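Please open the structure in a viewer and keep the sequence panel at hand.

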Amino acid sequence: MANRAEIIPEKPTHIRRLPPGAVNRIAAGEVIERPAAVVKELVENAIDAGAMRIDIEIEHGGKSRIMVVDDGCGMNADDLALAVERHATSKLRPGDGGDYDLTNIATMGFRGEALPSIGAVARLSITTRAEDAEEAWGLNVEGGAVSGPRPAAFGGHGTRIEVRDLFYATPARLKFLKSDQAETAATGEAVRRLAMAKHEIAFTLLSGGRKMLTLPAEASGEEGRLKRLAAIMGREFGDNALAINAERDGARVSGFAGLPTYNRGLPDKQFLFVNGRPVRDKLIVGAIRGAYADFLARDRHPAVALFLDLPADMVDVNVHPAKTEVRFRDAGGVRGLLIGALRHALAEAGHRASTTVSSYALGRMTPQGQGASVSPMRSGYAPPRPPNPYFRDAQAPLPDDSGLSDRARGFDGAEAPSARTEAENAAPAGAHISDYPLGAARAQLHETYIVAQTPDGLVIVDQHAAHERLVYEKMKTALEGGKVPSQGLLLPEVVDLTTDEAARLEPLMEDFAALGLVMERFGDDAVMVRETPAMLGEVDIKGLVQSLVDDLSSLGQGLALKERLEEVCSSMACHGSVRSGRRLNAEEMNALLRQMEATPHSGQCNHGRPTYVELKLADIERLFGRR
């Protein structure tokens, strides 16, 4: 048996109070983990100081030198001396009773840890001048040792902070830093996020004397915000962004979300800002996934920038030393607000598809793919390529979906109509094409594509993809019209879980029952499934329940069952839609166009592919040298 000395090699003697230098270096480890964190803290201080212009310079990824200059309110000598002491801040004020209210924080920084933490591990130099002062003051901190304040030279008002030799006082930390290129990229990302949050402020970022970022100040309001987002996320985002604006229970969300057809292979352009603070939160992942579930394949991701404003007592910003995470008092309500706002914007878009689809098409029409060519990787829309199962040859047979086509025929109220049965919605004889956004049908190519003439160009429609979306919307309406039919199991199935997992499922069992999955608690660490959704047919019950548990753990809400039901509806819509290779007459083609105009989300099929491409007459004329 092991003795105490083997378990605890050095027996603790008594509790010691750590010296200030050690305390500051420990704090620096929590707040300052890399050069990008230094830049973030200094820029946040500049924002809180009321700066309208912030200039950042870095050398060697910020390892050897970081300088941040702002035109904010600046500091006097007394404030400068206090600024480098731990937990000294101008951003918290005592209330009537003398206590400091940490639930009502309206500034970017408030802990008073940034400057002393930086000074504990680097060579820190501060020069500042207050707005109403005649002279400037300077101060140095090296490895925690403070010298100053002293008179200094500084033109105008504001603050200049220079950080040299980061982590020279804690050299062991240096080996954990990445390459200069990686650290530069991380710093650029941190500055971009702050610039997105504060579009009224001008930003510049130089690395090794080379300009990485130049962002002029934009006007207040929605238009200025979109210009700043487009400058950072790409011009194509600005061309294909939908305005977001919704409010519920004192919380308001605004911002912009990209059209489903403007999508990416990585979720790297999804941003959330809470009360002006850029944060990383799993909440936005679940909200975007839920809102775009009907429009994108699982491996595609939309571009989104959401700005959430809510009362300070509804969010805790004091849960992380670097202030990169927050905690919501009502996370479910906030998530519902985000999903509702995104879905409303997508519905408002109607049949609109992204402009990048047309840009890519025009580029491919140019001889040798030159001239107007637009890279699909830059545009956000990538043309379908095998082996993605969603993108298949138009003439290839559909894969076996285990009887989904049989279930589609028996699905109540959602039988897929052919284009012929919708002929009464066609354009009346003699109607002018300017009356209809998608124009009037002029031809059908290869029994697959409808060519329509619009007032200022033409539209090419994929008849199968378009009708697939129309049928899917009808099926969803039928699905949401009442309780989903369920089928009882001959022998109920017990699914083993952990105690925590079973406890997460229990409060939502009634909601799952409305989706056709009937289960009940079976002891402390299991659930018993009695019924499953009839439209799923044979299903891996254990896999389905485990997916629900995983969703609850990672996203806070069970999405797997609803998504699986919608996937079945999507497959059934694909079987019941107008097939590629079917010849349509003019009345049928116009009927399809009119229904697309009246149906939300008809600009893309169920998997995020565009249903039509619009080419403007001016662009076509350029192809033939007429312009």
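Predicted model: local features only at pLDDT ≥ 70, side-chain atom pairs only at ≥ 80, totals over all residues.

Across the whole structure, a search finds 19 salt bridges.

**The chain as a whole**

Begin by displaying the entire protein chain in cartoon form. Its secondary structure comes to 20 helices and 24 strands. Of its 627 residues, 48% count as buried. Among contacts between residues at least 6 apart in sequence, 71% join residues at least 24 apart.

Next, colour the chain by pLDDT. The mean for the protein chain is 77, and 71% of its residues reach 70 or more. Then select residues 368–427, where pLDDT stays under 50. For this stretch the model has 103 contacts beyond four places in sequence.

Select Lys40 and Glu44 and show their side chains. The two meet in a salt bridge, with 3.0 Å from N to O. Because they are four residues apart in helix 3 (residues 35–48), about one helical turn separates them. Are these residues buried or exposed? Glu44 has a relative accessible area of 1% and is therefore buried; Lys40, at 13% relative accessibility, also counts as buried.

**A bridge between two strands**

Now select Arg65 and Glu162. These residues form a salt bridge in which the closest N and O atoms are 2.8 Å apart. The pair links distant parts of the chain, since Arg65 belongs to strand 2 (residues 65–70) and Glu162 to strand 6 (residues 158–164), 97 residues apart. Both Arg65 and Glu162 are buried.

Move on to helix 5 (residues 114–121). How many of its residues are buried? The helix is mostly covered, with eight of its eight residues buried. Among them are Leu115, Pro116, Ile118 and Val121.

Select Arg123 and Tyr168 next. The charged end of Arg123 sits over the ring of Tyr168, at 3.8 Å from the ring centre.

**The aromatic pair**

Show the side chains of Phe273 and Phe307. The structure has one aromatic pair by the rule applied here. The ring centres of Phe273 and Phe307 are 4.6 Å apart and the planes lie at 10°; because planes under 30 degrees apart count as stacked, the pair is stacked. Phe273 is in strand 12 (residues 270–274) and Phe307 in strand 15 (residues 304–309), so that the pair links distant parts of the chain, 34 residues apart. Both Phe273 and Phe307 are buried.

The charged end of Arg225 sits over the ring of Phe307, 3.7 Å from its centre.

Which of its residues are buried? They are Val334, Arg335, Leu337, Leu338, Ile339, Ala341, Leu342, Ala345 and Leu346.

**Two loops brought together**

Select His446, which is placed in the loop between strand 18 (440–445) and strand 19 (449–454). At 64% relative accessibility, His446 counts as exposed.

Then select Gly581, in the loop between helix 18 (560–576) and helix 19. Gly581 has 42% relative accessibility and so counts as partly exposed. Although His446 and Gly581 are 135 residues apart along the chain, their C-alpha atoms are separated by 6.9 Å. Gly581 and Glu447 are 134 residues apart in sequence and 4.5 Å apart in space, C-alpha to C-alpha. Leaving aside residues up to four places away in sequence, Gly581 touches Glu447, Thr448 and Gln463.

Finally, select Arg594 and Glu597. They form a salt bridge, with the closest N and O atoms 2.8 Å apart. Both lie in helix 19 (residues 586–598), three residues apart, about one turn of the helix. Arg594 is buried, its relative accessible area being 8%.

Notes. Residues numbered from 1 in each chain as written. Heavy atoms only, no water. Phe/Tyr/Trp six-rings, centres within 6.5 Å; stacked < 30°, edge-to-face > 60°. Buried < 20%, exposed > 50% of the residue type's maximum accessible area, 1.4 Å probe, protein only. Lys NZ or Arg CZ within 6 Å of the ring centre and 35° of its normal. pLDDT = per-residue confidence, 0-100. Contact = heavy atoms within 4.5 Å. Salt bridge = Lys/Arg side-chain N within 4 Å of Asp/Glu carboxyl O.
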